[in-house]
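Here is a short walk through a structure that may be new to you. Keep the sequence and the 3D view side by side as you read.

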Amino acid sequence: MNDLDLVRGVYDDPPPPSAATAADARRRMLTQDGSLPARRRRAWRLPLGLVAAATATAVAAGLALSPGDSVRPRPGVTVGTDASSPRGMMLAAATQAELQQEGRYWYTHQRIAFAALALGRTGGYVVEERTEVFAWTGRDRGDGTSFYGRDFPGKPQTKADADAWRAAGSPPSWQIRSSGLTRTLASKPGPWQEDPPGDRGGGVFDIGGLGRFTYQELQDLPTDPEDLRKLLCEGSIKLVDGRTGAPKHCEEPGRVLDQVFSLLADTPVPSKVRAGLMRLITDYPGVQRLGAVKDPLGRAAVALAAPFDSADGRGTIQRQVLFDQRTGKLLGGRDIQLEPGPDSETWQAPGRMLDYWAVVDSGWTDAQPVLPG
Amino acid sequence: MHEPYLTAPPDDAVWIERSWDEPECFGAVFDVHYAEIHRYVSRRLGPQAADDVSAETFALAFRRRRRFDLSHRSARPWLYGIATNLISRHRRDEVRLLRAVDRLHALAEPARGHEDEVTAKVSAQNVKGPLAGAIAALPAAQRDVLLLVALAGLSYDEVAQALDVPFGTVSSRLNRARRKLRKALGETNPLLDEEEA
């Protein structure tokens, strides 16, 4: 086996295009000459690659799970609904989520950060490599969609990191190294850059570990936590044309948190479904209710978490999902080092935030969303 | 790597030349290559973007069919080149997708108790996350060359033709990319054959 074989192994075998997709592509190709311009329909775009990656992984991995393995939450069991308990806080957030008004356009603005050690003579502290994405999509197909990304300035992570940075003379940029690669973080934001919208398709969402859903199918999702659990954990991944992929699986609570995070962060599921998903993970076996915390942007949050053992030698890591209790909105997710592993670097000490995916803002509007400054 | 064509060569050039007067002849080129191009794009950008980007690849190829160099008998490298250029417009999506694989990987394949630990350590699954992170961090030009070789199975010559760069540029980009990936995996990774590394 050589490195090119390993590279191939990173990419799962995707499902082939459907016959209808191929026929459309062929027709479009041949009818664009001269008097028959292809209709420029704007497609719904996937806000985050995460979901496609997860779908591809799950489809190709074919991870099988015998029926007895799946852990079942028992939504009927109530353990007190005191709004000041961690569980009560989550349920209060879910109630708020349910009340959210929907509008004509759904948008999401996210900031993604990875922590790394600043290198060199002026380094030695932890900085965050950050990017931002902004995506919006109309409720109806003709309403359009857009997807933008930009580099966001790097930043020393904690107060101690910022102090060390200042002591090193406040260098304006940083060299970091992660995944074995060295690169430079800028201290100024880059311009928003738009990914070109697709020319055809539209109204289709690839959801990690679940499959392909049209906008209408998202509207028809169940709202009851137990029904949502079945949707996430039972049966097979749904492909186009009624075909099915690998069996779904939910043996790891962290995976369920991830899936719900993807659904809430990247797809315009209705308010009642959002609330149902929040209730599901609040009571999911193995999920810890952390209560009140601050999110990576310093906002008051209520958190759920699940620890997992890293598969790549980085020890035990806690995955968190964060909500705004007052509005019920998803605020983001983050990974916290619990116990370092053999391949952890020294700065990856217990308590260190390894990465975060923050939802700066998201919701529905009636006017076409505009790019944040 | 792709097997060389052992039987009759796929004479895309013949169909493309004919399509200059009879546009529908270009359909033959589509029929031969569409599924393969779709698969390549789908691996890099995910299934939904693959529908759009591969359709656009052929629409663009069709519009540029008069510029196809008929001395190349196969349109394969040319089509991969067009697809790769379109993929580069989705660079941010691709990088985030790879980062997500890296992140998801930590969860997806937990080391299980009774498995032989040594076997688990060297399994290709275990390097999948870090490797995805390393591919994400490559400069786009090096990533394109790497994936045209690793995923599409193009030869150096064909990559040069696909990207319209000199042969020497292909080999230096590929070498640099591979060196970085090997570093990312640790030079002593037992998965790597020495003579290949």
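Begin with one leucine of chain A. A:Leu263 touches A:Ile207, A:Val269 and A:Leu277, leaving aside residues up to four places away in sequence. Keep in mind that this is a predicted model.

Where does A:Leu263 sit? Its place is in helix H8 of chain A, which covers residues 253-266. A:Leu263 counts as buried because 26 other C-beta atoms lie within 10 Å, and the cut-off for that label is 20 or more. Now look along the chain to A:Leu210. In sequence, A:Leu210 and A:Leu263 are 53 residues apart. In space, their C-alpha atoms are 9.7 Å apart.

Next, turn to the strands of chain A. Take strand E2, residues 126-138. Of its 13 residues, 11 are buried, so the rest of the structure largely encloses E2(A). Strand E1 of chain A, residues 105-117, pairs with E2(A). The sense is antiparallel, and the pairing runs over 13 bridges. Within E2(A), A:Glu129 stands opposite A:Phe114.

E2(A) also pairs with strand E3 of chain A, residues 145-156. This pairing is antiparallel too, over 10 bridges. Find A:Val133 here: its bridge partner in E3(A) is A:Gly149.

Finally, move to chain B. An unreviewed UniProt entry lists residues 153-180 of chain B as "domain: HTH luxR-type". How much of that span is helix, and how much is strand? Residues 153-180 of chain B are 79% helix and 0% strand. The end C-alpha atoms of the span lie 20 Å apart.

Technical notes. Residues are numbered from 1 along each chain as its sequence is written. Chains are lettered from A and ligands numbered from 1 in the order in which they are written. This is a predicted model: local features need pLDDT of at least 70, side-chain atom pairs count only at pLDDT 80 or more; totals for chains, interfaces and linings use all residues. UniProt positions are given in the numbering used here, feature names are shortened, and annotations may be inferred rather than shown by experiment. Helices (H or I, at least four residues) and strands (E, at least two) are DSSP runs, numbered from the N terminus. A residue is buried if 20 or more other C-beta atoms lie within 10 Å of its own, exposed if 12 or fewer, and partly exposed in between; C-beta atoms are placed from the backbone. Two residues are in contact if their C-beta atoms, placed from the backbone, lie within 7 Å. Two strands pair if DSSP finds at least two bridges between them.
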